[in-house]
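Visitor: I'd like a hand reading this one. Could you take me through a few features, giving the general idea and then the case here?

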Amino acid sequence: MELTSDKVFTNFDQSLQEFIDSGTLTKKEKAAKLASHIDILSLTRSGLAFLYSKSVELDRAEFFKGTSWNDPDKLVPYLVKGTLKYGHPSSSFETLSELRMLRFAKGEDVHKVVSAADAQSFLEEVIVHNLEFALREPTEETRMRMPERELKKAFNLFGFIMSEMDLKGVYEKLIEEIRLICEQRPIRTSKARELISLVNRRFDTSGNSEKDKAIRVYIDALYSPSKGAKANEGKDAYSEFLKHADEKTLANEALEMGELMNATGLVSGYQAIFLKHIVNEYEDLVPICLDLNDRGIAEWEKYSELVSSLILETVSWDNCQCIYGLARMLRKNLFSRRAVRVGLENLRRIKVNPQVEKRILKSLSNPDAEVTALQYLIGGTIKVLGQPLGVGQGNNPTCQSARGISMWSQHSPAKLIDMIITVSTQNNLIMRFENQNLISNNLIKGLLDQLDYNLDVVSVVMVPHLDKIYNEMMRLSTGRLDDPHKWVNPAMYGQWIQVGFASCYDYMSNSIMDFPGYVRIFYAAFHPDFNGNQHMVYPNPVGIFITSNKGDMIGFHAVSLLRVEKSPKGEVRAYFLNPNNEGRQDWGQNILPSVHGKGEKKGESSLPFDQFAARVYAFHYSPLDVKNRINEVPAEEIQKVEKLARESWGKSYMWNQQTKLW
Amino acid sequence: MAKCFALIGWSLPVIESMQKTGRPFVVVSFADFEPYAAENNIPFVSYPLDEWSDTSNSIDLFEKLKAFDVDVAVPLYEETVEWAGALNSIYRGDPRVLNRAFLFRNKAMMKRKALIGGLRVGLFEEVFNKEGVKAFMKRLNQANLQVDGEEDSWVHIKPFASAGTVGHRLLRSLADVDEKCEDSDFPCLAESHLPGREFSCEAFVNKGKIRFLNITEYVKLGYSNFIPEGKYLESKRDLIHKEVQKMIDIFGIEYGMVHPEWFLTEKDELNFGETACRIPGGHILELCSKSYEFDALAAFVISHDPNITEEELDEIFPAKDFKPKNYHGNVMIYPHKRQFSKLEIPESLNNEPYFVEHSLIAPYEGQKLSADRDGFGNHFGTINFKGEDPDRMTELLKHYEKEEFYV
């Protein structure tokens, strides 16, 4: 949004004058009005710049008097997020306070207590605690809590601070952030790319510290993944270099690129140019360039014709990230499945519906002009098939759809390709629910108001339809006196979902009923010590309570429980997919899902089993298999879970001790 | 010029305005405000205004205020009108000043006085129970020559002495009487429905004459208004001025400000609703100050002064031929839902050239409204507008009154 005129500035000045002219008695009231101008101005860049120029004047006029922001030396960086989330007027005061701090940090104004260094380190801390705003990737909780306008204000504020401020101190934290994001191997790599680019632009990474070395791996992966690319910067120069390179040089290039890709999960545009260059003439280098294992090499040798065509048709400078997906597909032997091969052949020949094409193009930030929407779609499909756990929901309330795409990609890749083809050509989808066919184009709106296009291509194509169908299924099953997911999940995701269903929430009595009985089933169904040491085969769609970092109930969320196994340290952990783009969260009570280092596969989150159990409110299971094991679950385990539950989300519910017939 | 004003009640904006005029004053209010007053150097007399006894009465207060040399008392809100009336009776040596204060505090008495003096009022009666209201409605039906099957005549009931819309109920049928009336409503005033377009005036009076007349255009009663009045009411300004002066003459009001509400019919007749003599709600004097470029709050206090000179009065009020450059309006925002968790300010407001500022605040998580709201309850903030076209102003106020800010 751009401000229509200078009127906002004049209004602000008038209001500021009224504030200055007012006596002490009505200062507070005038400050509240003045804050409403700050609210509006902080929606735009020009507004923020204006406020920045006024921030110290406001401070001197005692705008902050009588508020928690009065003494800048007493402010706590950790609390900034809370006030921003609280909304106007708090967020407007907070915004102004940060701008004031920025002036101190840059030495444009001097505060008697807060030195420039203090202000600098304060802002660094603030950025580190608020990367979700700095990177415009809000968490589930934030999206639920903050109105769009407030989000915009926060994004804008951090964009401004980051561009104005010296970011040195944020360096180390950012590197750690980049590493943890990449460890999760998201399909959509824009967040990682933005961060890496930020670090590359704003910091000197040439040093010899561990951190410097670590970050250079990521920077190289994006900007100079090989000796040749380093020496011949740019598309044209690099293509020219390849024309004259001998086989030994090329082999070196392949090796370097393959290793960097596998280490980071990131692909550079140079690799796209390189792969297309070698795919026909130097076939043997392809497995090296893709860093394939033995199974992958065998797969490549067998299906090199199809894979080569896919590479030549799909891969491009901007559409390079799919190379990583392709490597993963080969490593998993997906091409050995006839249905997948046929599906991909079919996909290559479709004509994309114009509406779908629009959606695809809208989701791309920097598309290559010569690459068509179909090529991006094939690239996207390869990514999803190669990295089922890398699917994310973006800034959309559509965790169910993301979970579905991930599940199909893992367990029914050909079915997923088929659905992608239908939706891409027809911009429509039919799914069956009980005895009805649900046609997405005939359905009313789903959960989604407006799609956030910050999504992978497959999601952009599929989610609007899946969302509507899911919503319709939910609508049809509402009022049955049990959680609608009981019927919707098996219909939506397929026959892999067990028909048994347990929820701790009882619809009839509007209470949490027989929680111990419920937890007992969860343990008997999934915990290897109590389920006869059975391993999970298929993902289980479970509903969880999302809680704040204080453990307070915030809302509901859908995740997939993927497996329950002992971690390398011998602890039984639940490994799950959180379709929220960020697996690392803080759910309070020291429940901190981990994404790395505790036996997680790339893209998985994990928690100790009891902690996970304490957040689940509904899951599917096989009643027949569980029947005889229920009574073997020890009471102490159950009590542990119940305590965690009662002291967190449980506070928002009535608890009913009645025993339930499960 | 007054030696010292006693401001009875509590209003920070009024106190601040008085500070700015540099005139002597003392605030009389509950003990709760004393620490704040001390901290901010506000001359203050603590007094139990909600009590009338041997130790709490106007003679006693009069004695206490002698130390401040007070010679004019000014009520800041509805409940302090009698206190100010009693004190002014003493200061002016006229017992009728107190009686006149009672007039403002008893709507039945007020109507009777208006009727005697020749103002157009509805049919009214004091009622003591539901049966009384029904009997009143039946007689009204009869007088309106109701035919079988026709709707009942509308009746309003209002407490004798409450501000604005507090306790006001509209009864559309005999059945409504049973449904909407509570035993605790009685006794009260029952009144026939007055037709016409509702608006209010603020007439600043000194020596029995209107010194300045403000007309407030109500867009929606209790929600939105703007100043000065729109084109239609402006064309009736002389008529309104005459009628307000007539009311002032009938009631014998000499000093202060009156805030009468009127209903203007299509035949240019003015029906008298009721009047108050305190600061009106809805930030009306704030809007009035902005449009007419004077301090209406200070003017409110000073017009109570019997000893002020013409020159001094001229200084306070806008010039007789002053034409406001802009219309200033506001809309008070009430949540439409019972439960809400976010404040969502619509994008359109940022780009609205008439928009000036707002005082909205975000609710706390999952905030609920209690079921028993009195009058219009508390609003969650005000949005202020300013512009040159009264029709556009009306449109905006209507629009934003309906907009959902709390979701």
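Guide: Let's begin with aromatic pairs. Rings of Phe, Tyr and Trp pair if their centres lie within 6.5 Å; planes over 60 degrees apart count as edge-to-face. Keep in mind that this is a predicted model.

Visitor: How many aromatic pairs does a search of the whole structure find?

Guide: Over all chains, the search comes back with 63 aromatic pairs. Take Tyr52(A) and Phe160(A) as an example: their centres are 5.6 Å apart and the planes make 65°, an edge-to-face pair.

Visitor: Which parts does the pair of Tyr52(A) and Phe160(A) tie together?

Guide: Tyr52(A) sits in helix α3 (residues 45-60) of chain A and Phe160(A) in helix α9 (residues 148-164) of chain A, so the pair joins parts that are 108 residues apart in sequence.

Visitor: And are Tyr52(A) and Phe160(A) buried or exposed?

Guide: Both Tyr52(A) and Phe160(A) are buried.

Visitor: Now the interface. How many residues does the contact take from chain B and chain A?

Guide: Chain B gives 33 residues and chain A gives 34 residues. The area buried between the two chains is about 2,500 Å², and carbon and sulfur atoms give 49% of that.

Visitor: What about salt bridges across the interface of chain B and chain A?

Guide: The general idea is a side-chain nitrogen of Lys or Arg within 4 Å of a carboxyl oxygen of Asp or Glu. Here the rule finds three across the interface. Have a look at Lys152(A) and Glu347(B), whose side chains form a salt bridge at 3.0 Å, N to O. There are also 16 residue pairs in polar contact across the interface.

Visitor: Which element supplies the largest share of the side of chain B that touches chain A?

Guide: That's α1(B), with six residues. By class, this side of chain B has 17 nonpolar, six polar and 10 charged residues.

Terms used:
Residues numbered from 1 in each chain as written. Chains lettered and ligands numbered in written order. Predicted model: local features only at pLDDT ≥ 70, side-chain atom pairs only at ≥ 80, totals over all residues. Heavy atoms only, no water. Contact = heavy atoms within 4.5 Å. Buried area = accessible area lost by both parts, 1.4 Å probe. Polar contact = N/O pair within 3.5 Å; in protein donor to acceptor, adjacent residues only side chain to side chain. Helix = DSSP H or I, 4+ residues; strand = E, 2+ residues; numbered from the N terminus. Nonpolar A, V, L, I, M, F, W, Y, C, P; charged D, E, K, R; others polar. Phe/Tyr/Trp six-rings, centres within 6.5 Å; stacked < 30°, edge-to-face > 60°. Buried < 20%, exposed > 50% of the residue type's maximum accessible area, 1.4 Å probe, protein only.
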